[in-house]
Number of protein chains: 2
Amino acid sequence: MLVNHGMNQLTSLSIARSYSFAPSTAAVLRRQSFLIRALGGGSHSKFHSTAGSTMQETEADAVSILRGITPTLDPNRHKGQAGKIAVIGGCREYTGAPYFAAISALKIGADLSHVFCTKDAAPVIKSYSPELIVHPVLEESYSVREEERKQVSAKVVAEVDKWMERFDCLVVGPGLGRDPFLLDCVSEIIKQGRHSNVPIVVDGDGLFLVTNSLDLVHGYPLAVLTPNVNEYKRLVQKVLKCEVDDADAPGQLASLAKQIGGVTILRKGRSDLISDGDIVNSVSIYGSPRRCGGQGDILSGSVAVFLSWARQPFVAADRNPTVLGCIAGSALLRKAASLAFETRKRSTLTTDIIECLGRSLEDICPAC
Amino acid sequence: MLVNHGMNQLTSLSIARSYSFAPSTAAVLRRQSFLIRALGGGSHSKFHSTAGSTMQETEADAVSILRGITPTLDPNRHKGQAGKIAVIGGCREYTGAPYFAAISALKIGADLSHVFCTKDAAPVIKSYSPELIVHPVLEESYSVREEERKQVSAKVVAEVDKWMERFDCLVVGPGLGRDPFLLDCVSEIIKQGRHSNVPIVVDGDGLFLVTNSLDLVHGYPLAVLTPNVNEYKRLVQKVLKCEVDDADAPGQLASLAKQIGGVTILRKGRSDLISDGDIVNSVSIYGSPRRCGGQGDILSGSVAVFLSWARQPFVAADRNPTVLGCIAGSALLRKAASLAFETRKRSTLTTDIIECLGRSLEDICPAC
């Protein structure tokens, strides 16, 4: 698990060290005040403005939030303390998505990035990069006989669970596929993660799973859903029993998040909208018109890292870390996509955007 | 096995050639004197200063040591004479770590780099680079029936042993995993290596193995252990029956090395501490605050190469080659990490650091 990193780059190292044990009240209050401003709220309210019954989103000061939650690089720290992320995904059909999510987490600054995937997918994902730790533990129906299922399922879940307490965040869904047996196992993994109080970012086929089994995330404040336009539509239909209403996009998003018990939802779009049921923030800065597949995987990996960082004691305790993580992740992806598009134009691919993550973070939040 | 390489770049080629046969006494004495200075010791003592009962570490002149042990590139030499390294590691879960160790050895200047791994891991490790020679010979429990174990174990050990006398150093542990049957086989490989007087660098899961079976390395002066913070903690608890005492870090490290019969230990940290039980040296130069996983694998591969070079006749015979190898390996990794961090910042990955090994070595010790 993450331990304190000390303060962000705006604060001197000597102060930072004290944060490993007991952050000073004054410093926490300063940061709270800063983050309230950055979230667009007044000093006396954590809610954004509303007009009548229709909720308005507020553009988050995403750059300030990103700077506020990103820890300093402290030479006294050791491996793992800047974050350990696990992606649950990757099957016979899909191998790129979990790679994109996991490598993005590393490129942003996590120390270790694991992937739990099927046995077919593992050698391929491993071959994309030696930087990832890839566990070939998931199974699809075709490789498990009916009478073995219970036993195999228990083994799969135990394989992931023995690592669980080491992780700062799970990303469930990139390249997961929709095999029923595999999804049953992943349901159990989500329950284990929740039981261990590990934050869970749900994307892609993970959203297919939780849309059909809302109890998996309902009422879990450390759950983040990152739906694209179609995934959002299915969620709205399932939970709110209506169609997507773009005329009241913020209000509907807040209702949706509230109905699922206060999970945080990042609705991807031209502007990304983020809500935990209370506040609705938008992130519209930067961005690229290129819509190549895989950008959502960068986002889920990025949100996982920033969410973990936003849970550090140096971040104001009354700010929802899942919301802060979504805002920072959204801003960083959009910045990297815009940088990649500057040079690659129509040929921009997800790999090009990943290559721009480091420079984007450095532009916004210099390492030293 | 390595044969004489001639002198380092500070010495003319004509003199160097004579070293292949009989180094002159004067040249050996000059180098001895230089290395004693580089290790921070006085000319009359090989021990560093102590204050009361608490041992103090001495910052090694790592740059001079690195220059002192790196052989010249002599066009008369042939393939293999600059070093042949073997990494024992790589299993179903871990493939990146053995690749990092093996490719680092090549990037520093070894001529041949082998990996002995499981059958699952081999195709993946091969796919990372065509430069490595990858032997799919290790077996994990799941692929061996109970009644076959003895026979399979003998075959695995024989497969590695037939190569043993060609190797200048083994690196045992990167990505080895903790499968009991596999670790039993690796225990036998360590015994064979020791029997053949091949130096052995133990890292990662290899440390898990030797911490539980200290006899494997006890009293072997060519063994090097390279623990990180957690691995060091387990070693101290097991051997010294106490907790890590950072107030007396050098003294405790020296005691630990002595208790394991004079093996050399490189304790990784903000400053690396190195001891064979007699002296305690630190390496604090360069470095990066990034703690991405995999840097320890670069170190183990680097130490293997430098250790092999430090055993050449042109290096003073009364300097412990394992200590010299650790100091040089530590310095080179730290230099490469600092160079990578200069451009990559938070997004620095192990692959980026490996790409900086060559430039780092060239900066410290130009090839010509």
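**A look around chains A and B**

Start with Q252(B), which sits in helix α10 of chain B, the stretch covering residues 249–259. This is a predicted model, and every value below was computed from it. Q252(B) has a relative accessibility of 7%, so it counts as buried, the cut-off being under 20%. What does Q252(B) touch, once its neighbours within four places in sequence are left aside? Its contacts are Y232(B), V236(B), L240(B), C242(B), E243(B), V244(B) and D245(B).

Two other spots in chain B stand out for their backbone angles. N197(B) is not a glycine, yet its phi is positive, at about 60 degrees. N197(B) belongs to the loop that links α7 (180–195) with β8 (200–202) in chain B. With a relative accessible area of 41%, N197(B) is partly exposed. Y286(B) is another residue other than glycine with a positive phi, this one near 55 degrees. Its place is the loop between β12 (280–283) and α11 (295–310) of chain B. Y286(B) is partly exposed too, its relative accessible area being 35%.

Now for chain A as a whole. Its secondary structure comes to 14 helices and 12 strands. Chain A has 368 residues, and 62% of them count as buried. Looking at contacts in chain A with a separation of 6 or more, 70% are between residues 24 or more positions apart.

Is α4(A) enclosed by the rest of the structure, or open? Because 12 of its 13 residues are buried, α4(A) is largely enclosed by the rest of the structure. Among the buried ones are A97(A), P98(A), Y99(A) and F100(A), and the list also includes S104(A), K107(A) and I108(A). Just after the helix comes G109(A), with a positive phi of about 140 degrees.

Next, how do helices in chain A pack against each other? Two packed helices are described by the angle between their axes and the distance between the axes. Take α3 (residues 62–69) and α12 (residues 321–344) of chain A: their axes are 9 Å apart, and the packing angle is about 115 degrees. That is why α3(A) and α12(A) are described as roughly perpendicular to each other. On the α3(A) side, the contact is made by A62(A), I65(A), L66(A) and I69(A); α12(A) contributes L324(A), I327(A), A328(A), A331(A) and L332(A). The crossing of α3(A) past α12(A) is left-handed.

A second pair in chain A is α7 (residues 180–195) with α8 (residues 205–212), whose axes come within 11 Å and cross at roughly 80 degrees. The angle therefore makes α7(A) roughly perpendicular to α8(A). Here L183(A), V186(A), S187(A) and I190(A) of α7(A) meet F208(A), L209(A) and V210(A) of α8(A). Helix α7 of chain A also holds K191(A), a residue that is partly exposed, with a relative accessible area of 45%. K191(A) and G109(A) are 82 residues apart in sequence, and 27 Å separates their C-alpha atoms in space.

G262(A) lies in the loop between α10 (249–259) and β10 (264–267) of chain A. At 21% relative accessible area, G262(A) is partly exposed. Not counting residues up to four places away in sequence, G262(A) touches P221(A), A257(A) and D276(A). From G262(A) to L361(A) is 99 residues along the chain, with 29 Å between their C-alpha atoms.

Finally, the two chains can be set against each other. Two copies of a chain are related by a rotation about an axis and a shift along it. For chain A to be laid on chain B, the turn is 88 degrees and the shift along the axis is 0.1 Å, giving an RMSD of 0.1 Å. The two copies are thus related as by a four-fold rotation axis. Which residue of chain A comes closest to the rotation axis? It is S127(A), with its C-alpha at 4.7 Å. Do the copies meet through the same or different surfaces? Only 2% of the interface residues of chain A are also interface residues in chain B, so the copies meet through different surfaces.

Methods
Residues are numbered from 1 along each chain as its sequence is written. Chains are lettered from A and ligands numbered from 1 in the order in which they are written. This is a predicted model: local features need pLDDT of at least 70, side-chain atom pairs count only at pLDDT 80 or more; totals for chains, interfaces and linings use all residues. Side-chain values use heavy atoms; hydrogens and water are left out. Buried means under 20% relative accessible area, exposed over 50%, partly exposed in between (1.4 Å probe, protein chains only). Helices (H or I, at least four residues) and strands (E, at least two) are DSSP runs, numbered from the N terminus. Copies are superposed by least squares on the C-alpha atoms of residues with pLDDT of at least 70 in both. Contact means heavy atoms within 4.5 Å. Axes are lines fitted to C-alpha atoms, for helices over the stretch in contact, and angles run from 0 to 180 degrees between N-to-C directions. Angles under 35 degrees count as roughly parallel, over 145 as roughly antiparallel, 65 to 115 as roughly perpendicular and the rest as oblique. A crossing is left-handed if the near helix is turned anticlockwise from the far one by less than a right angle, and right-handed if clockwise.
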